[in-house]
Amino acid sequence: MDNVFYLLGDPMFIVELEHNRWYIRDINYAFTTLTGYKKSELMDADPDGLLRIGFSFGGLMTRLGEENEPSIEQVLISKSTASVPVRFTSRRLPSNEQNCFIIICKDLSEEKYIEEFAMDNQVLMSIGVSEQFRVTSANRYYSPIKQRGANLINQVIFDHVAEESRKPLRRIMEYARTHGTTENTEIRLHVGDQMRMTTAVIKPFYSGNKEFKGYVILLTGILQPVPVREEDPAYKLRMLMLTKNITATSLAQSTLISLTTISKIRNGKIKKPQRLTAELIAGELGVKPESIWSGYKR
C-alpha cells in the first residue's frame, strides 16, 4: 500500500475477503487514534470485533455494496470498549482477486452529541474548537448572530469573546479538558456592534486512545444585551462570578443562601439584598459589599 494511506487524516483500514471470511490487512495511524488499537493488535483479525454486538461485518459490506447505500452509520467499539459512532464508506482496491477494500471512517461523536442535546434543549449555535482554541466548525440554528458559520472557521474563539470573559472561559475549557467534564458558564460575546451575554455548554472530546481531540461549545441561552450601566449591581455580580468561575449553585452552597435568592439577585429582581446576604455573597467573592451594591452602608 502506498505510503499516502498511512498519512491520510481520515481513519481507514483495509479488509480482504478470503475463504468467505473477512480479515483486517492494514490500518493507518488515524484509525489507531480513533480506536486506541495498535496495528499489531488488529492485523489479520476478524473485523466483527470492531462492531457493536448484533451487527456483522459481512452484512455491513453487503449493504455498502448496494447502490442505494453509499455510506452507513454504525458504532465502532474502541479498545477501551467505548462506543464511537461513525459513518462507513468503502472503496475496492486493485488486486488480482478483486476482494480487497479500503474502509473509510468518519467520526460522528461530536455531531451525535449535538443532535441528542438539541432534542431536549435549545441550541442557538454549535461551535467546534481545536486544542489550539481555533474554530473547526460552526453551525447557527437560531440567534441574533448574523455571521455565517463558515466565516468563523480557523478563527481563534477568544477573538469573539469580550476581553473580561476570555480568561475565565479559557480556564473553564482547560478544566473541562483535564477532568473530562461538561461545564456550563456565561460568556459575553461580540455580536456586531453590540455586546451580549449568553450561557454556554462546553464539552471536551477524546479519541479512542484517550488523546484530546477538541471541544464542542453550545450556545444555549438567549443572547441578552449587556446592561449599558456598568454600575448595575446584578451586572457586577454576574461579572464577578464569571471572573472567579463561581456558579450560582456553588455560591448558594458556600453561603447557605437559597439558590432562588441568588438567582433573583443575579437577575436584578432583588436590587437591595439584606445586609447579611450582601456580606456573605461579597465575602465569598473576595470583595466588599459596596463594590457590588453602591448604596450599601455598614
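This note comments on one helix pair and on several salt bridges in a predicted model.

1. Two packed helices are described by the angle between their axes and the distance between the axes. Here helix α8 (residues 248-255) packs against helix α9 (residues 259-266) at about 125°, and the axes lie 9 Å apart. Angles over 145 degrees count as roughly antiparallel and 65 to 115 as roughly perpendicular; α8 and α9 are therefore oblique to each other. Their crossing is right-handed.

2. On the α8 side, the contact is made by Ala248, Thr249, Leu251, Ala252 and Thr255, and on the α9 side by Leu259, Ile262 and Arg266. Sorted by class, the contact has five nonpolar, two polar and one charged residues.

3. The structure holds 15 salt bridges. One of them joins the side chains of Arg87 and Glu73, at 3.3 Å from N to O. This pair links distant parts of the chain, with Arg87 in strand β4 (residues 83-92) and Glu73 in strand β3 (residues 72-77), 14 residues apart. Arg87, at 24% relative accessibility, counts as partly exposed, and Glu73 does so at 42%.

4. Glu115 and Lys112 also meet in a salt bridge, at 3.8 Å from N to O. Both residues lie in helix α5 (residues 109-120), three residues apart, which is about one turn of the helix.

5. In the salt bridge of Glu131 with Arg177, the closest N and O atoms are 2.9 Å apart. Glu131 lies in the loop between β6 (125-129) and β7 (135-140), while Arg177 belongs to helix α6 (residues 163-179), 46 residues apart. Salt bridges that share partners join Glu73, Arg87, Glu111, Lys112 and Glu115 into one network.

Definitions and conventions. Residues numbered from 1 in each chain as written. Predicted model: local features only at pLDDT ≥ 70, side-chain atom pairs only at ≥ 80, totals over all residues. Heavy atoms only, no water. Axes fitted to C-alpha atoms, helices over the stretch in contact; angles between N-to-C directions. Helix = DSSP H or I, 4+ residues; strand = E, 2+ residues; numbered from the N terminus. Parallel < 35°, antiparallel > 145°, perpendicular 65-115°, else oblique. Left-handed = near helix turned anticlockwise from the far one by under 90°. Contact = heavy atoms within 4.5 Å. Nonpolar A, V, L, I, M, F, W, Y, C, P; charged D, E, K, R; others polar. Salt bridge = Lys/Arg side-chain N within 4 Å of Asp/Glu carboxyl O. Buried < 20%, exposed > 50% of the residue type's maximum accessible area, 1.4 Å probe, protein only.
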